[in-house]
Amino acid sequence: WELKTFMKYLITGITGQDGIHLTNQILKNEQNSIILGTSRNSDYDSFLNKLGYLNRDFDKNNISLTSTNLQDYEAVKKLINEYEPNFIFNLSGPSSVYGSHLTPEKTYKSITNIFNNLTKTCIELNRFCNFFQPSSSEMFKDSGLESLNEDSQFLPLSPYAKAKLEIHLSVKQLRGAYDWNISSGILFNHESEFRDDDYLFMKIINSVIKIRNGDQQKLTIGSLDLVRDWSYAKDIATAMYAITNEGSKNDYVIGSGLGHSIIDLVEIVFKSFDLRYKEYVDIDPTLLRKHTPKSIISSPKKIKNDLGWLPQTSFEELVDKCIKYKLNNLG
């Protein structure tokens, strides 16, 4: 019998869009891999169905989920001590900037406590496995139309962004203190088929479907002029995987490097249903959160030069994928 060495991956927040695409990435690239995911959402069947949408041939026996409370240090220590992961991707925690204004203390504690529990456990157990921590483009100061790189100025204006920046700086400190392969990926806006309905991207798509079906009269949004750097979550997951597997002790901006306005998104979605958006769109500036940046565009030159990563999915292809998934999974 040949003894196989299995690589163990721990993915927190595995049932989110990034976790699903990352899981698929690992399964496709690693013959001998075991994945343990943590999730507040215990709907294992829904997770497997979404994974199956991407990859019909995956082996579900290599994936398991746990509902371990990551806010509980002793529970996290027990989990890592028993599982002994080779890789940790910490994708858990709140992801809504708007929601962080409504529950600032809860958001801040959730994001920072989970990271601290995971890293302190690794240090205490002397288990310095490859560790990926997502940071956010929300940390940056509004730069207008200039693209943002790893050295751009930070100016967090939400509880979510402040917590992310604190962790981002902690990653740098831990990497130097322990010679640890712990990296931060500064993620710009990204979407996928599996994005929750309360986010702008899916709100627009869902609304246009309802308008087409006669179930809704208007799409009301805060602005058509804001510019964002939207990528496909699959491409983002590919970058995460490359960063940890290349053994890079570094931080990287991860985005397409291209900006699209909300009006670009709106036009594409309405056009796909043969509708003229000007007949159906109302603007309500009160829907914009305070300090909303006008433009957020990445400069992913560093990850391209170091790891050869480039996004493979265009903005138009991303929108099309989301629309097709929604139409195929209504009800």
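A residue counts as buried when its relative accessible area is under 20%. By that cut-off Cys322, with a relative accessible area of 0%, is buried in this predicted model. Two further residues, Cys129 and Thr119, are also classed as buried.

| Residue | Relative accessible area | Class |
|---|---|---|
| Cys322 | 0% | buried |
| Thr119 | 3% | buried |
| Cys129 | 6% | buried |

**Cysteines**

A disulfide is a covalent bond between the sulfur atoms of two cysteines. The count of disulfides in the model comes to zero. Cys129 takes part in no disulfide, and the nearest cysteine sulfur, which belongs to Cys122, lies 4.3 Å away.

**Surroundings of Thr119**

Thr119 belongs to helix H5, which covers residues 104-124. Leaving aside residues up to four places away in sequence, Thr119 touches Phe131, Leu174, Trp180 and Ile182.

**Helices H1 and H2**

Two packed helices are described by the angle between their axes and the distance between the axes. For helix H1 (residues 17-29) and helix H2 (residues 44-54), the axes come within 10 Å and cross at roughly 55 degrees. That angle makes H1 oblique to H2. The crossing of the two helices is right-handed. On the H1 side, the contact is made by Ile20, His21, Thr23, Asn24, Leu27 and Lys28, and on the H2 side by Phe47, Lys50, Leu51 and Leu54. These contact residues divide into five nonpolar, three polar and two charged.

Note on methods. Residues numbered from 1 in each chain as written. Predicted model: local features only at pLDDT ≥ 70, side-chain atom pairs only at ≥ 80, totals over all residues. Heavy atoms only, no water. Axes fitted to C-alpha atoms, helices over the stretch in contact; angles between N-to-C directions. Helix = DSSP H or I, 4+ residues; strand = E, 2+ residues; numbered from the N terminus. Parallel < 35°, antiparallel > 145°, perpendicular 65-115°, else oblique. Left-handed = near helix turned anticlockwise from the far one by under 90°. Contact = heavy atoms within 4.5 Å. Nonpolar A, V, L, I, M, F, W, Y, C, P; charged D, E, K, R; others polar. Disulfide = S-S within 2.5 Å. Buried < 20%, exposed > 50% of the residue type's maximum accessible area, 1.4 Å probe, protein only.
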